[in-house]
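Colleague: I have the sequence and the model open side by side. Could you walk me through a few parts of it?

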Amino acid sequence: MKRLFVSLAALLSATAAPAAPPPPKLIVAISVDQFSADLFAEYRQIFTGGMKRLASGAVFPSGYQSHAATETCPGHSTILTGSHPARTGIIANNWIDQSVARADKNVYCAEDPTAPGSDHDNYVPSTLHLKVPTLGDRMKSADARSRVVSVAGKDRAAIMMGGHATDQIWFWGGKSFVTLADHKGPPPAIVSLTNARLAALIARPAVAKLPPVCRSRSVAVPVGGREVGVLADRAAEDFRGFRAAGEFDAATADLAIGLLKDMKLGQGPAPDLLTIGLSATDYVGHGFGVEGAEMCAQMMALDATVGRILAALDGSGVPYAVVLTADHGGHDLPERNLRRAFGDAQRADPALSPGTFGKALAADLGFGDRKLLLGDGPFGDWYLARDIDAVDRPRILSAARAKLLAHPQVEAVFTAEELRRMPDPQPPVEEWSVRERVRASFDPERSGDLIVILKPHVTPISDPSKGYVATHGSPWAYDRRVPILFLRPGATSFEQPLSVETVDILPTLAALIGLDVPKDQIDGRCLDLDPGEAGTCPAK
């Protein structure tokens, strides 16, 4: 009788344990630009579509873009490389390179600055600046039959997630989806079809439709001579406004789904990779902030778009694994924050622009009208002018740092020299000092002579009348924290509240397809996606 009970218990245990899903033949990585952990938490109970389904997979609600420079290009460079910007070389969206031959020394992260006739505003998109391989690059190195497809609303999202060896790469070029200059040949039919449909769509005016769930968030907030917080109609031929619409993400998804079907991704002899960059949330956040009706409507549209992507993956019949995360978080506009009891919310002092600050510093030090400092904004990387004598550089650096630290909006200033001497920071990532966060963004070949950090709730947009009213880019939690959500049909669901990093995504996905990634080549670690005893990471 005892043996019978033991056998019965073993049988029941075996019956209760779900079979592990097969290794995926298709990896799908989705990045939602500016989708903070705060937004995920705020809308998690409201989602009914694809986001709700992802929220029932393997959920890591406390993911981190660990570094200080929480911008689009650095963030996307971490997701499928397993490396911090200090290793990827993508220190910001833009940086100063005084060695380039062209007059414009402001270099864009996803361009080739050596292209004839190019400048920062009229550039040639390129993978040139990405120093490390992506997951797709590693997959193709392991088996040339793997295919890598990257589609995004921004070129820098498609390039940083797709990598150096994409079979197809498409991104929004301003009025249509375009590809890299070195990708020759006629576009796939789905690209031409999508572009034609979008041209017709944008040619017509669009009437705003407020989802019922968003009514309580529809409150007008004056800023920069206009109002935000209430949905507005879109005029015909408004290409800029189209980017901040759910239709933009829907079109990106249409293109990705079309390539998935036409190329039969996941049905070949080797695993394939599809990366999808959904960019509309970022344009909404910049243009209207993250707490108004505009963002609520965008979250509902995102939920539907992700649902269509997952439905297409289900319909493909191939075993797949999906990860969804973000390149960075975001912060609401100070005008609305002030209404909500955040008395320290403010806009950056115009005197903190590198040009204006540099002129004042030159006057202080007796350099007349000589240009001393170069930079892309009131925070981040600042550079000493290349023609400054070596004997003068320490004095200027010291004076600039002291003057910056005396400003009430400046939290910290670090020099390149002190960052060079620092070791790489180690987990737990939420406990990193500001200095360690900056170190994770620091590349001695590209970073500034000074790195300027503004205080929390200081928005580095002095004049909101020129377009953007809110932004990101700080080392603070509202910009660093992002959700990391994995979904494998048939896998057991669970939630891990402890902190993880976006650099952990590459080794986690690589383990699912048996791809070896040397630990000394990356900064991330494998996350176990099986809450039971089986485990999905390589044995230690």
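Colleague: Before that, what am I looking at, and how is it numbered?

Modeller: This is a predicted model, in which local features need pLDDT of at least 70 and side-chain atom pairs count only at pLDDT 80 or more, while totals for chains, interfaces and linings use all residues. Residues are numbered from 1 along each chain as its sequence is written, and side-chain values use heavy atoms, with hydrogens and water left out.

Colleague: Ok, strand S10: how many of its residues are buried?

Modeller: Seven of the seven residues of S10, which spans 272–278, are buried, so the strand is largely enclosed by the rest of the structure. Buried here means under 20% relative accessible area, with exposed over 50% and partly exposed in between, using a 1.4 Å probe and protein chains only. Helices (H or I, at least four residues) and strands (E, at least two) are DSSP runs, numbered from the N terminus.

Colleague: And which residues sit on each face of S10?

Modeller: Asp272, Leu274, Ile276 and Leu278 lie on one side, with Leu273, Thr275 and Gly277 on the other, and both faces are covered.

Colleague: Which strands pair with S10?

Modeller: Strand S1 (residues 26–32) runs parallel to S10 and is joined to it by seven bridges, with Leu26 opposite Asp272. Strand S5 (residues 148–152) also runs parallel to S10, through five bridges, and there Ala152 stands opposite Gly277. Two strands pair if DSSP finds at least two bridges between them.

Colleague: Where is Pro24, and is it buried or exposed?

Modeller: Pro24 is in the loop between helix H1 (2–16) and S1, and at 3% relative accessibility it counts as buried. Leaving out residues up to four places away in sequence, Pro24 touches Pro271, Pro319, Tyr320, Ala321, Arg488, Leu512 and Ile513, where contact means heavy atoms within 4.5 Å. Pro24 and Val318 are 294 residues apart in sequence, yet 7.7 Å apart in space from C-alpha to C-alpha.

Colleague: Switching to helices, at what angle do H8 and H10 pack?

Modeller: Helix H8 (residues 189–202) and helix H10 (residues 246–262) pack at about 160°, with their axes 9 Å apart. Axes are lines fitted to C-alpha atoms, for helices over the stretch in contact, and angles run from 0 to 180 degrees between N-to-C directions. H8 and H10 are therefore roughly antiparallel to each other, since angles under 35 degrees count as roughly parallel, over 145 as roughly antiparallel, 65 to 115 as roughly perpendicular and the rest as oblique.

Colleague: And how are H4 and H7 arranged?

Modeller: Helix H4 (residues 72–79) and helix H7 (residues 155–162) pack at about 25°, with axes 7 Å apart, and they are therefore roughly parallel to each other. Their contact involves Thr72, Cys73, His76, Ser77 and Ile79 of H4 together with Arg156, Ala157, Met160 and Met161 of H7.

Colleague: Last one: which residues of H11 are buried?

Modeller: In H11 the buried residues are Ala280, Thr281, Asp282, Tyr283, Val284, Gly285, His286 and Gly287. That is eight of the nine residues in the helix, which covers 280–288, so H11 is largely enclosed by the rest of the structure. Just after H11, Gly289 takes a positive phi of about 90°.
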